Amino acid sequence: MIRERLSEIKAALPAGVQLVAVSKFHPVEALMEAYDAGQRIFGENRPQEFAAKVPQMPSDVQWHFIGHLQTNKLKLVLPYASLVQSVDSLHLLEAIQAWGRANDKVIPVLLELHLGAEETKGGLTEAEIRQILASEWPFVDIRGLMGMATNTDDESVVRSDFERISALFRSLRNDYPFLTELSIGMSDDWPLAVQCGATMVRIGSSIFGPRQY
Ligand SMILES: *Cc1c(COP(=O)(O)O)cnc(C)c1O
């Protein structure tokens with residue numbers, strides 16, 4: 001089942017758009033099924049679960065962290081993450097920078113834009129993102145933007161969220177050409193995200209089925 005769902009999604013994704021298989025709440029057996037079908041990039045959103053799964057999977061897996069990261073949990077995530085997609089505050093970025101300096105490691109990250117209508121959703125404002133990019137971050141490799149659209153069935157709202165982040169991404173890229181990644185799109189909205197310029201989609205339930213809570 002996982003193999004079939006994966007290959008359907010991969011067939012529909014344009015070349016050059018990376019697929020992050022969001023495996024949170026699913027057991028390692030399910031991840032291995034995706035791995036055996038060729039999937040190498042996995043996304044997790046909880047530090048404990050992330051750190052527990054890493055040693056149970058083959059070493060050529062690329063792990064993306066996509067959830068809220070508290071600064072006291074950095075050591076569970078930063079040694080293993082090939083990309084931290086969810087830098088949602090200046091405070092977190094500063095802590096990652098300090099960890100990178102202390103461990104002599106440059107950490108690849110995306111900056112998470114506060115995108116959806118939900119106030120509860122985290123993320124940086126556009127002004128904060130511009131302020132971050134205007135500074136030097138020797139131990140952080142800022143590769144692009146991540147965002148989550150408003151959780152709604154109204155496609156026009158989702159599209160306008162994606163268009164907003166995509167416009168910001170293109171505008172920032174003029175000044176900062178090292179920004180190459182736009183991570184938008186999940187199970188319900190990834191085709192729209194691809195239309196709006198996604199370079200990376202994060203898909204969970206459409207691959208692994210509903211999450212078990
Ligand atoms: C869970 C999650 C996803 C995947 O959600 P699905 O709807 O299961 O595809 C994508 N991005 C983030 C940040 C998530 O937390």
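A salt bridge is a side-chain nitrogen of Lys or Arg within 4 Å of a carboxyl oxygen of Asp or Glu. Side chains of opposite charge can pair when their charged atoms come close.

This is a predicted model, in which local features need pLDDT of at least 70 and side-chain atom pairs count only at pLDDT 80 or more, while totals for chains, interfaces and linings use all residues. Residues are numbered from 1 along each chain as its sequence is written, and side-chain values use heavy atoms, with hydrogens and water left out.

The structure holds 6 salt bridges. One of them joins the side chains of K53 and E49, with N to O at 2.7 Å. Both residues lie in helix α3 (residues 47–53), 4 residues apart, about one turn of the helix. Helices are DSSP runs of H or I with at least four residues, numbered from the N terminus.

E49 also meets R46 in a salt bridge, at 2.5 Å from N to O. A network of salt bridges links E44, R46, E49 and K53.

K53 is buried, at 5% relative accessible area, and E49 is buried at 12%. R46 counts as partly exposed, with 38% relative accessibility.

Another salt bridge pairs D141 with R143, where the closest N and O atoms are 2.9 Å apart. D141 is partly exposed at 28% relative accessible area, and R143 is partly exposed at 31% relative accessibility.

Conventions
Buried means under 20% relative accessible area, exposed over 50%, partly exposed in between (1.4 Å probe, protein chains only). Helices (H or I, at least four residues) and strands (E, at least two) are DSSP runs, numbered from the N terminus.
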